[in-house]
Amino acid sequence: MTAMARVRAGWQHANRRGDVSAAAMALAPAVILFAIFNIYPLIYSGYLSVMEWDGFSPDKSYVGLDNYRALYESATFRNALSVTLKYTLSVAVLGVAVSLVIAVLLNSGVRGQNIYRLVYFLPVVTSTVAAAVVWRYLMTPGTGYADVFLRDLGITPPNPTWLRNPTWALRIVMLVGIWKRLGFNIVIYLAGLQNIPKEFYEAATVDGAGIWARFRHITVPLISPITLLLVIMSIIDSFLIFDVVYVMTDGGPIGTTEVVGLLLYREAFRYFNLGTASAMGWVIFALVFAITLVQWKFFGTREAGL
Amino acid sequence: MSAVTTSQSSQRSMLRRIHIPWGHLLIHAILIAGAFAMVIPFLWMLTLSLKPVSLIHQAPYLIPTTFELSNYAKAWDAAPFARYYLNSALMTGGIVAGQVIFSSLAAYAFARLQFPGKELLFLVFLGTMMVPFHVILIPSYLIIDRLGWVDSYAALIVPRMVSAFGIFLMRQYYQGIPKELDEAAMIDGAGRLGIWWRIIMPLSGPGLATLGIFAFMFAWNDFLWPLVVTNDPNMRTVQLGLAMFQGRYGTQWTLLMAGTVTATLPTLLIFLIGQRWFIQSIAQTGMKG
């Protein structure tokens, strides 16, 4: 009863200031757009994932979990998942490790920090398609600059050459992913590093700790919440890779760069298996969701920290 | 261990005496090498786009020494890049305008207004950020198809006129604006939305600029959604046009690179102009967790 009264009092208070009607107007565009283009599609794709449908015929048939079962048994999908995981983990781990080293060097008091940061950030704002086009040609044997440069260093291209090589193609795609992400990680790391009190380093130096020891025992542990954040952000973003592969390799050679995003796109918009494609979407969702849960679990306890 | 320490400290005192900051030089060497690796693709792309075809296999590769601007003219002749530009510009403009207005309107409601179900609604918006675009891609396309919007600007713009990210960004910004300003305006008889428009918005310049830049980058560089909702070559955006151009003119490197420079330039320019806001707000995401 008192709770009711409090609710009513709050409501009247809100009304008096015109909050509720103002909020309704302010939120209407966002709510309508989200309902049509986010919430409804999410529910609808769950529905489609248990149906068989080509997108044209008036009839959809209910197939239960068959689409999921087919995916589980499909060698193509398993391959795509494994390629995506390899790509994702490499970009997350290498991209974060390299960016930490660069951020620490940038934070060491050298001049020109802003200029370096700007240059390292350029790939982040470059369109993925343009980047993929340039990298594809950079790696062209004989004429691409990267290939020429490596030959000058005495490194001959593998046979078959770079993007045609089943081992190297994915590595080059990973390289592009890391190249494009590094600046983002660096900027976030730099902000974190600037929050570590200088006294820690001074005290350690007095105790005789060298550069490596300070990095290992002060920087790495104190920055670890940001490391985790960046690893998880990288994983979530990289999992959805599409553009780079679409432009550079179209999934080849022999499926070695065929990521789930590409497979889903083909399944839906080339072969019109909307049920299977929707099920793929939900498998991706489940995996990304699991990663997000890890993020929540760790970051829930983080807020009081650094 | 102690021997190592002594040798290090004696080394350090020696360095101090000579006054050559070897440590810093080494750091610069590493950072410059890394920065060089970052910019190689840009330099190569620019150089190649300005070379005559006869010189593409010859050094210098990374510094433009010839200025064959006709490559750009030829690329723009070979494919309707002007049309692609128009499409991208309209799409980007529409998305940026929508984001700036609708995301900040919604953010205002969450930051300043009291209404029932506020927390729940906010949670729903928060939740949509976790949904990968791949999941909603197919039904979103079906909706566009049902609306008869395939190959229209509406399809390119409307679904992306508001974003959870934009709402969070602006809400965060609004929370930093003193509430006393609202209250003073309210005493003067301003309505809640009037306060948003006349008090809050004029004070939100940096926040709106950040949101605008993010929206611009996203829209200009977007690929998958325009790929799905357009079939008509006249409706292609720059990114789509570039991908198709690669398929057709992949052997004409100079033209292709001219097209690539064309596609890249706007975001690079916007970034260079707004980099302070942009980098700062990205740095803050790390702080918020």
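Where in chain A does Pro253(A) lie? Pro253(A) sits in a loop of chain A, the one between helix H11 (243–248) and helix H12 (260–269). The structure here is a predicted model.

A cis peptide bond joins Gly252(A) and Pro253(A), with omega at about -10°. The next stop is Ile254(A), which lies in the loop between H11 and H12 of chain A. Ile254(A) has a positive phi of about 35°, although it is not a glycine. Most residues other than glycine have a negative phi, and most peptide bonds are trans. Is Ile254(A) buried or exposed? Ile254(A) has 10 C-beta neighbours inside 10 Å, so it counts as exposed.

Chain A has another cis peptide bond to visit. That bond joins Asn159(A) and Pro160(A), and its omega is about -5°. Pro160(A) is found in the loop between helix H7 (145–152) and H8 of chain A.

Now step into H8 of chain A. This helix covers residues 168–193, and Ile188(A) is in it. Ile188(A) counts as buried because it has 24 C-beta neighbours inside 10 Å. A residue needs 20 or more such neighbours to be called buried. Ile188(A) and Leu229(A) are 41 residues apart along the chain. Their C-alpha atoms are separated by 9.7 Å.

Helix H6 of chain A takes up the theme of burial. H6(A) runs over residues 128–138. How many of its residues are buried? The count is 11 of the 11, so the helix is largely enclosed by the rest of the structure. Among the buried residues are Val133(A), Val134(A), Trp135(A), Arg136(A) and Tyr137(A). Thr128(A) and Leu138(A) are also buried.

Step back to chain A as a whole. Its domain assignment gives domain 1 (3–38) and domain 2 (66–303). The C-alpha centres of domain 1 and domain 2 of chain A lie 41 Å apart.

Next comes the meeting of the chains. On one side, 74 residues of chain B take part; they are in contact with 82 residues of chain A. Which helix gives the most to the side of chain B that touches chain A? Helix H14 of chain B (residues 253–288) does, with 15 residues. By class, this side of chain B has 52 nonpolar, 21 polar and 1 charged residues.

One pair of helices shows the two chains meeting in detail. From H2(A), the residues in the contact include Ile36(A), Phe37(A), Pro41(A), Leu42(A) and Tyr44(A). H6(B) contributes Val135(B), Ile136(B), Ile138(B), Pro139(B), Ser140(B) and Ile143(B). The contact of H2(A) with H6(B) has 11 nonpolar, 3 polar and no charged residues.

Follow chain B past H6. Between H6 and helix H7 (153–157) of chain B is a loop, and Asp151(B) is in it. Asp151(B) is not a glycine, yet it has a positive phi of about 65°. Its 17 C-beta neighbours inside 10 Å make Asp151(B) count as partly exposed.

Which residues does Asn231(B) contact, leaving aside its neighbours within four places in sequence? Asn231(B) is in contact with Val150(B) and Asp151(B), with those neighbours left aside. Asn231(B) belongs to another loop of chain B, between helix H12 (224–229) and helix H13 (238–249). Along the chain, Asn231(B) and Val150(B) are 81 residues apart, but their C-alpha atoms are separated by 7.8 Å. Asn231(B) counts as exposed, because it has 10 C-beta neighbours inside 10 Å.

The tour ends with a helix pair inside chain B. Helix H8 (residues 164–175) and helix H11 (residues 205–221) of chain B have axes that come within 10 Å and cross at roughly 165°. H8(B) and H11(B) are therefore roughly antiparallel to each other. H8(B) passes H11(B) in a right-handed crossing. Gly166(B), Leu169(B), Met170(B) and Tyr173(B) come from H8(B). They meet Gly207(B), Thr210(B), Leu211(B) and Ala215(B) in H11(B). The residues of this contact divide into 5 nonpolar, 3 polar and no charged.

How values were computed
Residues numbered from 1 in each chain as written. Chains lettered and ligands numbered in written order. Predicted model: local features only at pLDDT ≥ 70, side-chain atom pairs only at ≥ 80, totals over all residues. Axes fitted to C-alpha atoms, helices over the stretch in contact; angles between N-to-C directions. Helix = DSSP H or I, 4+ residues; strand = E, 2+ residues; numbered from the N terminus. Parallel < 35°, antiparallel > 145°, perpendicular 65-115°, else oblique. Left-handed = near helix turned anticlockwise from the far one by under 90°. Contact = placed C-beta atoms within 7 Å. Nonpolar A, V, L, I, M, F, W, Y, C, P; charged D, E, K, R; others polar. Domains from an automatic or database assignment. Buried ≥ 20, exposed ≤ 12 C-beta atoms within 10 Å, placed from the backbone.
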